[in-house]
Amino acid sequence: MIIQRVVLNSRPGKNGVPVAENFRLEQTTIADTIQAGQVRVRTLYLSVDPYMRCRMNEDTGSDYLLPWQLSEVADGGGIGVVEESKHDNLAKGDFVTSFSWPWQTVAILDGSMLQKLVPQLVNGRLSYFLGAAGITGLTALLGIKEKGHVTVGAGQTMVVSGAAGACGSLAGQIGRLEGCSRVVGIAGTDEKCSILVQEMGFDAAINYKKGNVAEQLRELCPGGVDVYFDNVGGVISDTVISQMNQNSHIILCGQISQYNKDVPYPPPLPPDIEKIQKERNITRERFLVLNYMNKQEASVLQLCQWIQEGKLKVRETMVEGLANIGAAFQSLMNGGNIGKQIVSVSK
(Lines give C-alpha, C1' and ligand atoms only; values in the text may rest on other atoms or scores of the structure.)
Protein backbone atom coordinates (compact mmCIF):
# COMPACT_ATOMS: atom_id res chain seq x y z
CA MET A 1 0.00 0.00 0.00
CA ILE A 2 1.32 3.43 -0.97
CA ILE A 3 1.17 6.09 1.77
CA GLN A 4 2.60 9.50 2.60
CA ARG A 5 4.78 10.22 5.61
CA VAL A 6 6.80 13.09 7.08
CA VAL A 7 10.41 12.53 8.09
CA LEU A 8 13.03 14.67 9.81
CA ASN A 9 14.91 16.24 6.91
CA SER A 10 17.51 18.20 8.89
CA ARG A 11 18.27 19.37 12.40
CA PRO A 12 18.12 23.10 13.22
CA GLY A 13 21.03 22.75 15.64
CA LYS A 14 20.75 23.20 19.40
CA ASN A 15 20.61 26.99 19.10
CA GLY A 16 18.76 27.18 15.79
CA VAL A 17 15.17 28.16 15.09
CA PRO A 18 13.12 25.36 13.47
CA VAL A 19 11.74 25.93 9.99
CA ALA A 20 9.29 23.98 7.86
CA GLU A 21 12.16 22.70 5.72
CA ASN A 22 13.48 20.68 8.67
CA PHE A 23 10.74 18.21 7.67
CA ARG A 24 10.17 16.39 4.40
CA LEU A 25 7.04 14.82 2.93
CA GLU A 26 7.70 11.62 1.04
CA GLN A 27 5.89 8.64 -0.42
CA THR A 28 6.54 5.13 0.82
CA THR A 29 4.82 1.77 1.13
CA ILE A 30 3.51 -0.38 3.96
CA ALA A 31 2.57 -4.04 3.94
CA ASP A 32 -0.77 -5.05 2.44
CA THR A 33 -1.43 -7.51 5.26
CA ILE A 34 -1.24 -7.27 9.04
CA GLN A 35 -0.01 -9.78 11.59
CA ALA A 36 -1.65 -11.11 14.76
CA GLY A 37 -1.98 -8.35 17.37
CA GLN A 38 -1.66 -5.57 14.79
CA VAL A 39 -4.12 -3.05 13.41
CA ARG A 40 -4.10 -0.89 10.31
CA VAL A 41 -5.17 2.65 11.11
CA ARG A 42 -5.95 5.71 9.02
CA THR A 43 -4.61 8.86 10.64
CA LEU A 44 -7.14 11.58 11.41
CA TYR A 45 -5.31 14.08 13.64
CA LEU A 46 -1.74 14.73 14.73
CA SER A 47 -0.63 16.90 17.64
CA VAL A 48 2.16 19.47 17.23
CA ASP A 49 3.76 20.46 20.55
CA PRO A 50 6.63 22.64 21.83
CA TYR A 51 8.45 19.69 23.49
CA MET A 52 9.09 18.31 19.99
CA ARG A 53 11.77 20.97 19.55
CA CYS A 54 13.93 18.90 21.92
CA ARG A 55 13.41 15.80 19.78
CA MET A 56 14.95 17.60 16.80
CA ASN A 57 18.33 17.52 18.58
CA GLU A 58 20.61 14.48 18.59
CA ASP A 59 20.60 14.82 22.38
CA THR A 60 17.13 15.73 23.64
CA GLY A 61 18.48 16.73 27.03
CA SER A 62 15.97 14.42 28.67
CA ASP A 63 16.00 10.77 29.65
CA TYR A 64 12.35 10.27 28.67
CA LEU A 65 12.42 11.85 25.19
CA LEU A 66 13.96 9.97 22.26
CA PRO A 67 15.43 12.04 19.43
CA TRP A 68 13.92 11.88 15.97
CA GLN A 69 16.33 10.32 13.49
CA LEU A 70 17.23 11.93 10.17
CA SER A 71 15.22 10.55 7.22
CA GLU A 72 13.05 8.54 9.63
CA VAL A 73 9.36 9.17 10.23
CA ALA A 74 8.56 11.62 13.05
CA ASP A 75 5.97 10.74 15.68
CA GLY A 76 3.92 12.19 18.52
CA GLY A 77 0.36 12.29 19.79
CA GLY A 78 -2.11 11.09 17.19
CA ILE A 79 -5.65 9.88 16.61
CA GLY A 80 -6.94 7.56 13.94
CA VAL A 81 -9.63 5.08 12.98
CA VAL A 82 -9.09 1.33 12.73
CA GLU A 83 -9.50 0.04 9.16
CA GLU A 84 -8.47 -3.57 9.85
CA SER A 85 -7.74 -5.38 13.11
CA LYS A 86 -6.12 -8.58 14.28
CA HIS A 87 -6.13 -7.42 17.90
CA ASP A 88 -8.68 -8.90 20.28
CA ASN A 89 -9.74 -5.61 21.86
CA LEU A 90 -9.96 -3.45 18.74
CA ALA A 91 -12.39 -3.61 15.83
CA LYS A 92 -12.82 -1.90 12.50
CA GLY A 93 -14.28 1.57 13.04
CA ASP A 94 -12.84 2.07 16.52
CA PHE A 95 -11.24 5.46 17.20
CA VAL A 96 -7.84 5.09 18.84
CA THR A 97 -4.96 7.23 20.08
CA SER A 98 -1.27 6.90 21.02
CA PHE A 99 1.55 9.12 22.29
CA SER A 100 3.80 7.60 19.59
CA TRP A 101 1.73 7.95 16.45
CA PRO A 102 3.81 8.08 13.25
CA TRP A 103 3.37 11.13 11.03
CA GLN A 104 1.91 9.22 8.10
CA THR A 105 -1.45 8.85 6.41
CA VAL A 106 -1.89 5.13 7.16
CA ALA A 107 0.07 2.96 9.59
CA ILE A 108 0.29 -0.60 10.86
CA LEU A 109 0.59 -0.49 14.63
CA ASP A 110 0.76 -2.88 17.55
CA GLY A 111 -2.76 -2.84 19.00
CA SER A 112 -1.41 -2.93 22.56
CA MET A 113 0.08 0.57 22.15
CA LEU A 114 -3.33 2.06 21.32
CA GLN A 115 -6.03 3.42 23.60
CA LYS A 116 -9.65 3.24 22.49
CA LEU A 117 -11.53 6.55 22.54
CA VAL A 118 -15.17 7.34 23.36
CA PRO A 119 -16.17 10.34 21.17
CA GLN A 120 -19.27 11.07 23.27
CA LEU A 121 -17.05 12.13 26.17
CA VAL A 122 -15.97 15.20 24.18
CA ASN A 123 -19.23 15.84 22.35
CA GLY A 124 -17.81 14.18 19.24
CA ARG A 125 -14.78 16.49 18.98
CA LEU A 126 -12.15 13.76 18.62
CA SER A 127 -9.25 16.18 18.34
CA TYR A 128 -9.91 17.26 21.95
CA PHE A 129 -8.33 13.96 23.03
CA LEU A 130 -4.99 15.43 21.86
CA GLY A 131 -5.56 18.62 23.83
CA ALA A 132 -8.06 19.50 26.51
CA ALA A 133 -9.02 15.86 27.18
CA GLY A 134 -5.56 14.49 26.48
CA ILE A 135 -1.98 14.95 27.63
CA THR A 136 -2.25 18.75 27.44
CA GLY A 137 -5.27 18.92 29.71
CA LEU A 138 -3.71 16.35 32.04
CA THR A 139 -0.57 18.47 32.27
CA ALA A 140 -2.58 21.54 33.23
CA LEU A 141 -4.85 19.76 35.72
CA LEU A 142 -2.26 17.54 37.38
CA GLY A 143 0.33 20.31 37.40
CA ILE A 144 -2.03 22.53 39.36
CA LYS A 145 -3.15 19.72 41.68
CA GLU A 146 0.32 18.31 42.37
CA LYS A 147 2.50 21.43 42.36
CA GLY A 148 0.18 24.43 42.69
CA HIS A 149 -1.10 23.85 46.23
CA VAL A 150 -4.33 25.66 45.40
CA THR A 151 -6.74 25.92 48.34
CA VAL A 152 -10.40 26.82 47.91
CA GLY A 153 -11.23 30.02 49.76
CA ALA A 154 -7.61 31.05 50.29
CA GLY A 155 -7.89 34.01 47.90
CA GLN A 156 -4.91 32.93 45.82
CA THR A 157 -3.75 34.73 42.69
CA MET A 158 -2.44 32.66 39.76
CA VAL A 159 -0.38 33.98 36.87
CA VAL A 160 -0.01 31.95 33.66
CA SER A 161 2.66 32.65 31.05
CA GLY A 162 2.17 31.42 27.50
CA ALA A 163 -1.46 31.77 28.52
CA ALA A 164 -2.98 31.58 25.04
CA GLY A 165 -1.17 28.34 24.21
CA ALA A 166 -2.53 24.82 24.43
CA CYS A 167 -1.63 24.25 28.06
CA GLY A 168 -1.76 27.80 29.36
CA SER A 169 -5.28 28.50 28.12
CA LEU A 170 -6.51 25.44 30.02
CA ALA A 171 -4.36 26.05 33.11
CA GLY A 172 -5.88 29.44 33.83
CA GLN A 173 -9.41 28.06 33.61
CA ILE A 174 -8.54 25.02 35.73
CA GLY A 175 -6.85 27.23 38.31
CA ARG A 176 -10.14 29.05 38.71
CA LEU A 177 -12.13 25.79 38.85
CA GLU A 178 -9.77 24.44 41.51
CA GLY A 179 -10.16 27.50 43.72
CA CYS A 180 -7.97 30.45 42.68
CA SER A 181 -9.78 33.75 43.19
CA ARG A 182 -7.81 35.70 40.58
CA VAL A 183 -6.19 34.53 37.34
CA VAL A 184 -3.96 36.70 35.15
CA GLY A 185 -2.53 35.57 31.82
CA ILE A 186 0.51 36.73 29.87
CA ALA A 187 0.41 36.43 26.06
CA GLY A 188 1.93 38.01 22.98
CA THR A 189 -0.89 39.80 21.13
CA ASP A 190 -3.94 41.91 21.95
CA GLU A 191 -6.13 39.31 20.22
CA LYS A 192 -4.86 36.55 22.50
CA CYS A 193 -5.33 38.72 25.60
CA SER A 194 -8.88 39.51 24.53
CA ILE A 195 -9.73 35.82 24.05
CA LEU A 196 -8.32 34.95 27.48
CA VAL A 197 -10.51 37.51 29.22
CA GLN A 198 -13.67 37.41 27.12
CA GLU A 199 -13.87 33.69 26.31
CA MET A 200 -11.86 31.88 28.96
CA GLY A 201 -12.68 33.81 32.09
CA PHE A 202 -9.25 35.19 32.98
CA ASP A 203 -9.57 38.29 35.15
CA ALA A 204 -6.95 40.10 33.09
CA ALA A 205 -4.25 39.50 30.51
CA ILE A 206 -0.96 41.25 29.77
CA ASN A 207 0.49 41.66 26.29
CA TYR A 208 4.18 41.27 27.12
CA LYS A 209 5.13 43.00 23.85
CA LYS A 210 3.45 46.20 25.01
CA GLY A 211 4.28 48.31 28.03
CA ASN A 212 6.08 47.33 31.19
CA VAL A 213 5.18 43.82 32.33
CA ALA A 214 6.43 44.35 35.90
CA GLU A 215 4.30 47.47 36.34
CA GLN A 216 1.22 45.79 34.87
CA LEU A 217 1.69 42.78 37.14
CA ARG A 218 1.91 45.01 40.22
CA GLU A 219 -1.31 46.72 39.17
CA LEU A 220 -3.20 43.51 38.33
CA CYS A 221 -1.86 41.43 41.24
CA PRO A 222 -1.77 43.92 44.12
CA GLY A 223 -1.54 41.14 46.69
CA GLY A 224 1.37 39.46 44.88
CA VAL A 225 1.43 36.11 43.09
CA ASP A 226 0.71 32.84 44.91
CA VAL A 227 0.81 30.35 42.03
CA TYR A 228 2.75 30.72 38.77
CA PHE A 229 2.07 28.33 35.89
CA ASP A 230 5.31 28.72 33.93
CA ASN A 231 5.25 27.78 30.24
CA VAL A 232 7.96 30.08 28.93
CA GLY A 233 10.89 30.73 31.29
CA GLY A 234 13.33 33.53 30.55
CA VAL A 235 12.79 37.21 31.27
CA ILE A 236 9.01 36.94 31.66
CA SER A 237 9.36 34.29 34.34
CA ASP A 238 12.04 36.29 36.13
CA THR A 239 9.61 39.22 36.25
CA VAL A 240 6.80 37.09 37.69
CA ILE A 241 9.01 35.37 40.25
CA SER A 242 10.19 38.74 41.55
CA GLN A 243 6.57 39.48 42.54
CA MET A 244 5.75 36.12 44.11
CA ASN A 245 4.74 35.84 47.74
CA GLN A 246 6.37 34.00 50.62
CA ASN A 247 5.78 30.21 50.41
CA SER A 248 4.31 30.48 46.90
CA HIS A 249 4.59 27.89 44.15
CA ILE A 250 5.86 27.67 40.56
CA ILE A 251 4.39 24.95 38.34
CA LEU A 252 7.29 24.31 36.00
CA CYS A 253 5.46 23.12 32.90
CA GLY A 254 7.62 24.35 30.02
CA GLN A 255 10.36 26.79 29.06
CA ILE A 256 9.56 27.51 25.42
CA SER A 257 11.69 30.68 25.34
CA GLN A 258 14.73 28.50 26.08
CA TYR A 259 14.12 25.59 23.69
CA ASN A 260 16.33 27.02 20.94
CA LYS A 261 19.21 27.50 23.39
CA ASP A 262 21.78 24.98 24.57
CA VAL A 263 20.91 25.15 28.27
CA PRO A 264 20.01 22.47 30.83
CA TYR A 265 16.40 21.82 31.81
CA PRO A 266 15.09 23.37 33.87
CA PRO A 267 17.27 26.37 33.00
CA PRO A 268 19.01 27.97 35.98
CA LEU A 269 17.62 31.26 37.26
CA PRO A 270 19.71 34.45 37.25
CA PRO A 271 21.46 34.91 40.63
CA ASP A 272 19.19 37.75 41.80
CA ILE A 273 16.03 35.80 40.94
CA GLU A 274 17.39 32.62 42.50
CA LYS A 275 18.04 34.61 45.67
CA ILE A 276 14.40 35.78 45.73
CA GLN A 277 13.22 32.22 45.17
CA LYS A 278 15.23 30.89 48.09
CA GLU A 279 14.52 33.77 50.49
CA ARG A 280 10.77 33.54 49.89
CA ASN A 281 10.75 29.73 49.95
CA ILE A 282 9.18 29.53 46.49
CA THR A 283 8.92 25.94 45.24
CA ARG A 284 10.19 25.37 41.69
CA GLU A 285 10.23 21.66 41.02
CA ARG A 286 10.34 19.97 37.67
CA PHE A 287 6.89 18.64 36.75
CA LEU A 288 6.48 15.67 34.42
CA VAL A 289 2.91 14.52 33.83
CA LEU A 290 4.09 11.03 32.88
CA ASN A 291 4.94 10.49 36.55
CA TYR A 292 1.25 10.75 37.43
CA MET A 293 -0.33 8.38 34.92
CA ASN A 294 -1.97 6.44 37.74
CA LYS A 295 -4.32 9.44 37.95
CA GLN A 296 -4.92 9.62 34.20
CA GLU A 297 -8.33 7.96 33.95
CA ALA A 298 -10.02 9.94 36.71
CA SER A 299 -8.42 13.18 35.52
CA VAL A 300 -9.53 12.70 31.90
CA LEU A 301 -13.08 12.06 33.08
CA GLN A 302 -12.95 15.30 35.10
CA LEU A 303 -11.70 17.23 32.06
CA CYS A 304 -14.42 15.72 29.86
CA GLN A 305 -17.08 16.61 32.41
CA TRP A 306 -15.94 20.24 32.46
CA ILE A 307 -15.97 20.30 28.64
CA GLN A 308 -19.51 18.87 28.52
CA GLU A 309 -20.69 21.38 31.12
CA GLY A 310 -19.13 24.28 29.22
CA LYS A 311 -16.84 25.11 32.15
CA LEU A 312 -13.68 24.47 30.11
CA LYS A 313 -13.46 26.48 26.89
CA VAL A 314 -11.30 24.91 24.21
CA ARG A 315 -9.45 26.64 21.39
CA GLU A 316 -7.66 24.85 18.55
CA THR A 317 -5.54 26.05 15.66
CA MET A 318 -6.34 23.50 12.96
CA VAL A 319 -4.03 23.03 9.96
CA GLU A 320 -5.21 20.92 7.04
CA GLY A 321 -2.99 18.32 5.40
CA LEU A 322 0.02 16.24 6.38
CA ALA A 323 2.14 18.24 3.93
CA ASN A 324 1.71 21.32 6.13
CA ILE A 325 2.85 19.82 9.44
CA GLY A 326 6.35 21.33 9.17
CA ALA A 327 4.87 24.79 8.63
CA ALA A 328 2.50 24.18 11.55
CA PHE A 329 5.46 23.40 13.80
CA GLN A 330 7.34 26.49 12.64
CA SER A 331 4.28 28.65 13.38
CA LEU A 332 3.89 27.06 16.82
CA MET A 333 7.48 27.78 17.76
CA ASN A 334 7.04 31.38 16.60
CA GLY A 335 4.06 31.80 18.91
CA GLY A 336 1.56 32.09 16.09
CA ASN A 337 -1.14 29.78 17.38
CA ILE A 338 -4.04 30.10 19.81
CA GLY A 339 -4.82 27.01 21.84
CA LYS A 340 -3.81 23.55 20.70
CA GLN A 341 -2.02 23.12 17.36
CA ILE A 342 -3.62 20.20 15.47
CA VAL A 343 -2.96 18.89 11.96
CA SER A 344 -5.97 17.29 10.29
CA VAL A 345 -4.62 14.52 8.11
CA SER A 346 -7.83 13.05 6.65
CA LYS A 347 -11.56 13.35 7.15
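Predicted model: local features only at pLDDT ≥ 70, side-chain atom pairs only at ≥ 80, totals over all residues.
Let me begin with two helices, α2 and α3, which are oblique to each other, because angles under 35 degrees count as roughly parallel, over 145 as roughly antiparallel, 65 to 115 as roughly perpendicular and the rest as oblique. Residues are numbered from 1 along each chain as its sequence is written, and side-chain values use heavy atoms, with hydrogens and water left out.

Now back to the pair. Helix α2 covers residues 135-148 and helix α3 residues 166-178, and they pack at an angle of about 40° with their axes 9 Å apart. Axes here are lines fitted to C-alpha atoms, for helices over the stretch in contact, and angles run from 0 to 180 degrees between N-to-C directions. The helices (H or I, at least four residues) and strands (E, at least two) are DSSP runs, numbered from the N terminus. Where the two helices meet, with contact meaning heavy atoms within 4.5 Å, the residues from α2 include Leu 141 and Ile 144, and those from α3 include Leu 170 and Ile 174. The residues of this contact divide into 8 nonpolar, 4 polar and 2 charged, where Ala, Val, Leu, Ile, Met, Phe, Trp, Tyr, Cys and Pro count as nonpolar, Asp, Glu, Lys and Arg as charged, and the others, Gly among them, as polar.

Helix α2 also has a contact with helix α8, residues 296-309: their axes come within 10 Å and cross at roughly 100°, and α2 and α8 are therefore roughly perpendicular to each other. Leu 138 and Leu 142 are among the α2 residues in this contact, and Leu 303 and Trp 306 are among those of α8. By class, the contact of α2 with α8 has 6 nonpolar, 4 polar and no charged residues.

Let us turn to the strands. An open sheet of 6 strands, with parallel pairing, has the order β10-β9-β8-β11-β12-β13, and two strands pair if DSSP finds at least two bridges between them. Which strands stand at the edges? They are β10 (204-207) and β13 (283-286), each with a single partner strand, so one side of each is left without a neighbour in the sheet. Neighbouring strands of this sheet are turned by 20° against each other on average, direction ignored. Within the sheet, β8 (residues 157-161) and β9 (residues 182-187) pair in the parallel sense over 5 bridges, and Ser 161 stands opposite Ile 186 in β9. Helix α4, residues 190-198, lies across β9 and β10 and runs at about 170° to β10.

Elsewhere, strand β4 (residues 75-85) and strand β5 (residues 95-102) pair in the antiparallel sense over 6 bridges, with Gly 78 opposite Ser 98 in β5. Strand β5 is also joined by 2 bridges to β7 (residues 115-116), and these two run antiparallel.

Finally, the domains, whose bounds come from an automatic or database domain assignment: domain 1 is 2-131 + 315-344, and domain 2 is 135-290. Their C-alpha centres lie 28 Å apart, and 21 residues of domain 1 are in contact with 21 residues of domain 2.
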